[in-house]
Amino acid sequence: MNNYKKSAMYSVPDGFFAQVREQAGRKAAAVRTRRRILAGALSICIFAAIPAIWYGTRPALDTGLQQGSGECIAELSELYDYDVFLQLNFEQDEE
Amino acid sequence: MSLYGKYMEIVDRYSEPLYWYIRRMVVSHEDAQDILQDTLLAAYRKLWQVRDESKLKSWVYRIATNRINRYFRTKARESSVEGLEDFGGMTYVDTSDKAEIKLQKAIKTLTPFQQTVFNLRYYDELGYDEISAVTGSGTGSLKVVYHNAKEKIIKYLEDEQL
């Protein structure tokens, strides 16, 4: 337990520490309630935001992928002879 | 145990010693009450950060010390010796105990840091390692500060007796 000495000249009103406990508990409970409300609001925002972001970015993602694959084919066709490239693709398809 | 439960345990265990620690520093009951509530609330807000529960005591004292330092900065040391000269008018202060008044006045001649170290060591009976955790100073220098504070108090009391 705590060791401490009191100063004889200082005193407190009757029931002061019970009042401190009650007040401290009340203030902490108010903070806890505010935190819970904030956490609830935040989770709603996250759950609402995930599909919105997903459906919002998906068309852009698809376009990006299409463009990316188109650029890749163009680069390959420059590197290799186009006929060889087609032949390679054709052989792969046959497999 | 829930965070709230743990917090109420801190309130039960430390609110009284914390109050007296703050009170000796700031003297006024009303200010001590405000700082104590502020300290407890700050402890609740930051309680989730506490990993090592063995350091809980020094942790709450550290919060209180920071609040006291802030008080001194904003209030420009209202509780200096000059302020104590008329503390007969203050609430919940017994001026009949002359020896105790002298001792408190002697403590008030110390610098705020010396007061903190002296009060934590003498009244709250904290170990130097605990005071080190509260103040952030090394134990070696704290021993020197405590020794100097004690010497200063003794000298003040001797001079007052002349």
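From the N terminus on, chain B runs α-α-α-α-α-α-α-α. That makes eight helices and zero strands. The radius of gyration of chain B is 16 Å, close to the 15 Å that the globule rule gives for 162 residues, so chain B is as compact as a globular protein of that length. The model is predicted.

Chain B can be described further by its extent. Taken along the principal axes, its C-alpha atoms fill a box of roughly 55 × 40 × 25 Å. Of its 162 residues, 51% count as buried. Contacts tell of the fold as well. Take the contacts in chain B with a separation of 6 or more: residues 24 or more positions apart account for 65% of them.

Now the surface and the charges of chain B. The chain exposes about 7,800 Å². Carbon and sulfur atoms supply 48% of that area. Chain B carries 24 positive and 24 negative side chains. The centres of these two sets lie 7 Å apart.

Helix α5 spans residues 98-108. Eight of its 11 residues are buried, so helix α5 of chain B is largely enclosed by the rest of the structure. The buried residues in α5(B) include Ile101(B), Leu103(B), Ala106(B) and Ile107(B). Charged residues are on the list too: Glu100(B), Lys105(B) and Lys108(B) are buried. Gln104(B) is also buried.

Turn to chain A. It has two helices and zero strands. Of its 95 residues, 14% count as buried. Chain A exposes about 7,500 Å². Carbon and sulfur atoms supply 61% of this area.

Next come the charged pairs. Side chains of opposite charge can pair when their charged atoms come close. Over all chains, the count comes to seven salt bridges. Three of them can be followed residue by residue, including one between the chains.

Start with the pair that crosses between chains. Arg21(A) forms a salt bridge with Asp12(B). The closest N and O atoms are 2.5 Å apart, and the cut-off is 4 Å. Arg21(A) sits in helix α1 of chain A, residues 16-79. Asp12(B) sits in helix α1 of chain B, residues 3-26. Arg21(A) has 37% relative accessibility, so it counts as partly exposed. Asp12(B), at 46% relative accessibility, also counts as partly exposed.

Stay in helix α1 of chain A for the next pair. Arg26(A) forms a salt bridge with Glu22(A), and their closest N and O atoms are 2.9 Å apart. Both residues lie in this helix, four residues apart, about one turn of the helix. Arg26(A) is partly exposed, with a relative accessible area of 49%.

Asp159(B) forms a salt bridge with Lys155(B). Here the closest N and O atoms are 3.1 Å apart. The two residues are in helix α8 of chain B, residues 139-161. Because they are four residues apart in this helix, about one helical turn separates Asp159(B) and Lys155(B). Asp159(B) has a relative accessible area of 41%, so it is partly exposed.

Conventions. Residues numbered from 1 in each chain as written. Chains lettered and ligands numbered in written order. Predicted model: local features only at pLDDT ≥ 70, side-chain atom pairs only at ≥ 80, totals over all residues. Heavy atoms only, no water. Salt bridge = Lys/Arg side-chain N within 4 Å of Asp/Glu carboxyl O. Buried < 20%, exposed > 50% of the residue type's maximum accessible area, 1.4 Å probe, protein only. Rg over C-alpha atoms; globule rule 2.2 N^0.38 Å. Contact = heavy atoms within 4.5 Å. Areas by Shrake-Rupley, 256 points an atom, 1.4 Å probe, with all protein chains shown as cover. Charge placed at Lys NZ, Arg CZ, Asp CG, Glu CD.
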